[in-house]
Amino acid sequence: MLVSSITVAAIYLLDHPQQMGSTSIPAMGKFLSPFTGFWSTAETKADFQDQTYDLEIFDAPVRIIYDDRLVPHIFAESLEDAIAAQGFVTAKYRLWQMDISTRSTGGRLSEILGEKVLERDQLQRRKGLLFAAENAVKGWKKNPKVYNYAEKYAAGVNAYVNALNDKSMPFEFKLLNYKPEEWTTLKTALFTKAMAQSLCMRESDLETTNAYQHFGQEVFDFLYPEYNPKQSPIIPAEIKFDFAAKIQSDTNSQRQTPQTGMIPHTPYAKPPPFLGSNNWAVTGEKTRTGNPILCSDPHLGLSLPSIWYEVHLVTPKMNVYGVSLPGLPGVIMGFNEHAAWGMTNVGHDMVDWYQIEWKDESRTQYILDGKTVDVENRIETYHLKDGTTILDTVKYTVWGPVVYESDDHPYSDLAMRWIGHDEASPEEIDVFVQLDQVSSYEEYNAALENYESPAQNVVFATKKGDIAIHPSGKFPIKKDQQGRMVQTGNTSDNAWQGFIPNDHKFKVKNPSSNYVGSANQRTTHQDYPYYYNGGFDDYRGRYLHRQLDKMDNITVKDMMALQNDNYSIEAEELLQLLLQNLDRSQLDKAQRAILLTLEDWKYNFEADLVAPTFYDVWTELFYKQTWDEIYNETHKNLLKPELWRTIALLEDNPNHEFFDIENTPIMETAKDICTQTFIEMSKQMEERKNNDQHLTWADFKATQVTHLGQIPALSVQNIPIGGYHHALNAVREDFGPSWRMVVELGDVINAYGIFPGGQSGNPSSQFYDNMIEDWAKGDYQQLLFVKEPDELLSNQLFEETFN
């Protein structure tokens, strides 16, 4: 975004009371100073001139060559120096993002935004995010060599922070009138917990408990089956599990609900469903060149700056390229001279809730196994922007922090058992450092044995021809059905029974299909010996496997096209059923025209089509009308049936009583619901046209990449892009493919990638959002993977040298 956009932002800020979350941005005297205010952040030629730094944090000279996309290629004599340099360059271009992300996670936004975000901060602390980060650091310190990586990264960040002055301070610090702090290993841990919160803190225990209580077991089992028979799991059926689980399943023992009946608490906001992604790898048997190809595109929130920072690290023992997370050392997803890897979210349930039986109304002691146990009180301190200090007490039990408390319902207080609270493995940081250096399947497998959270499906391919995928992480051993609902916390029998051992985890290497892949679908078929539950996508994985099954003679461009594929199996299955149950005799001329458009549609969510808009509105109306019994009971916070179950009901029993509208005197069927909601959709489309609103899918979906400060003038809105959350190109309004990568592993690595943003977090920089247009078009950038600095001469923007 150019300086003119900053001017627009300034005008907007002067004319509008700005909000950061729910808090007004402060007065802007310093912010508008022509010498040290936001004008001084404007990019100039001086920003791209060669520079030399004398810093004591390096053991030997380091060279950083920035290419013409502002990607730093770091050449260092040791891994530690490379990590320190990575910390420096990441802070240089993403410091405010690093600061605000860790403040948000650790419950410290009220220090800079004031009392209006205090409640959010308190919830973060009550959920134990700061406690979790402290436990991570505690674990890391048990391996001094690995902990040193986090310290080296922090040293690099702080070398940049210490060189800042009022003029060079990043834009947002000036806007909010505060200064960056020293970076610490705790902040690195907070960033890991930010990812864990997004990727493995989603659950529906309260809603499931209430649905069970509301409907009873028979109807509950009918509406909420766990396994979709149409699933195409990550681990193929040819993989046999020749071991027994370390615990015997007992279905009935875990069908328990709280003694008080319905859970009265309103569930806190959850991460969006299916935050996760696609990844796959094919062997040379399926490609035109005979080389393996690996593809990865994680789907996350779309923001400016992007969640990813592209980086290339070269030492005498390592040459790795890919994307990093601003705040963590090493490359998270990428490739080296021998192999490539990528990740999607596993989606297993890693949060369970336990109802606390208090000894008395003081709530200082609780009952466990017939004994009285004292709570551990953790005092959380909040230093507000206005100088006020607030103290809050969080009660910790054997299960974890008591998050849900109510004076009206003291015996419905709930404690949270979350995998992210556990003390981290001493090797946690080392997992990605090891991946960055792997050259074989055996090394990949060894690296992942220490990976814990958030659980990820790690796809892998080597030049030698091996492909593999390991759903990796720390997986609790549960009894059958355990964790679907709130459990009683007065007995340790309800605790997790340890963790699945590494030799019992899910793994596949070189399957007969000649491909591996994941798209957040269920991990295994039903023959896996251990019980697990969670949230799994029902469509993208099936489509991915369908396409890879029939593809041969594959090229890199074919893989790019598949990543950008807008076809949806959900639409393929649901639309035909809706059309079959539509009473055409009730439609007028305009409605018949919409019907014809839908009948001609091929289930592709292309940007310039109107049929996807018609389908999306119709299906949402149909779903809500079908489950009006649940939507009418909003105060009860009932779990809603999955879409695949709704489709199955429509297909198998269109006259089922659940298609009856609760508040009408007649008995409706699916035909009535389909027709009524189609007519309502048509009316909404006509109203939209009358208001001069476009009906194309891109206009209706209105995809945007939003500045982390929620400032419209610094965001990119109404991006002309297709995609659908149940298509491989899973673009939604503000979520989607956050890093597309395709790597062909030949004698020479042939790699491409792109993310919706730019390398710089400075809104005045030409590298702030320069890749969004290409990303929306499905284009890619070639990734400059070299061994020596001189190979970058034709693409060099400038160089930094550290002595």
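In what order do the 3 strands of the open sheet stand? The order is 9-26-27, and the pairing is mixed. Keep in mind that this is a predicted model, where local features need pLDDT of at least 70 and side-chain atom pairs count only at pLDDT 80 or more, while totals for chains, interfaces and linings use all residues. Residues are numbered from 1 along each chain as its sequence is written, and side-chain values use heavy atoms, with hydrogens and water left out.

**The open sheet**

- Strands here are DSSP runs of E with at least two residues, helices are runs of H or I with at least four residues, and both are numbered from the N terminus.
- Two strands pair if DSSP finds at least two bridges between them.
- Strand 9 (303-304) and strand 27 (716-719) each have a single partner strand and stand at the edges, so one side of each is left without a neighbour in the sheet.
- Strand 9 runs parallel to strand 26 (residues 703-707), and 2 bridges hold the pairing.
- Leu304 has His707 of strand 26 as its bridge partner.

- Strand 4 (residues 62-67) runs antiparallel to strand 5 and is joined to it by 4 bridges.
- One of these contacts across the pair puts Ile65 with His73 of strand 5 as its bridge partner.

**Strand 7, enclosed**

- 5 of the 5 residues of strand 7 (residues 293-297) are buried, so the strand is largely enclosed by the rest of the structure.
- Ile293, Cys295 and Asp297 are buried on one side, and Leu294 and Ser296 are buried on the other.
- Strand 6 (residues 278-282) is antiparallel to strand 7, with 5 bridges between them, and Val282 stands opposite Ile293.
- Strand 29 (residues 740-745) is another antiparallel partner of strand 7, over 4 bridges, with Val743 as the bridge partner of Leu294.

**Aromatic rings and charges**

- The structure holds 51 aromatic pairs, counted when ring centres of Phe, Tyr or Trp (its six-membered ring) lie within 6.5 Å; planes under 30 degrees apart are stacked, over 60 edge-to-face, and the rest tilted.
- The ring centres of Tyr212 and Phe220 are 5.4 Å apart with planes at 70°, so this pair is edge-to-face, and both residues are buried.
- Tyr623 and Tyr631 are also edge-to-face, at 6.4 Å centre to centre and 90° between the planes.
- Tyr623 is buried at 14% relative accessible area, whereas Tyr631 is partly exposed at 27%.
- Tyr631 also has the charged end of Lys640 over its ring, 5.0 Å from the centre; this call needs NZ of Lys or CZ of Arg within 6 Å of the ring centre and within 35 degrees of the ring normal.
- Arg645 lies over the face of Phe222, 4.5 Å from the ring centre.
- A cluster linked by ring pairs takes in Tyr543, Tyr567, Trp601, Tyr603, Phe605, Tyr615, Trp697, Phe700 and Tyr724.

**Around Ile754**

- Ile754 is found in strand 30 (residues 749-754) and is buried, with a relative accessible area of 0%.
- Asp779 is 25 residues away along the chain, yet the C-alpha atoms of Ile754 and Asp779 are separated by 7.8 Å.
- Leaving out residues up to four places away in sequence, Ile754 touches residues including Trp739, Met771, Trp775 and Tyr780, where contact means heavy atoms within 4.5 Å.

Technical notes. Buried < 20%, exposed > 50% of the residue type's maximum accessible area, 1.4 Å probe, protein only.
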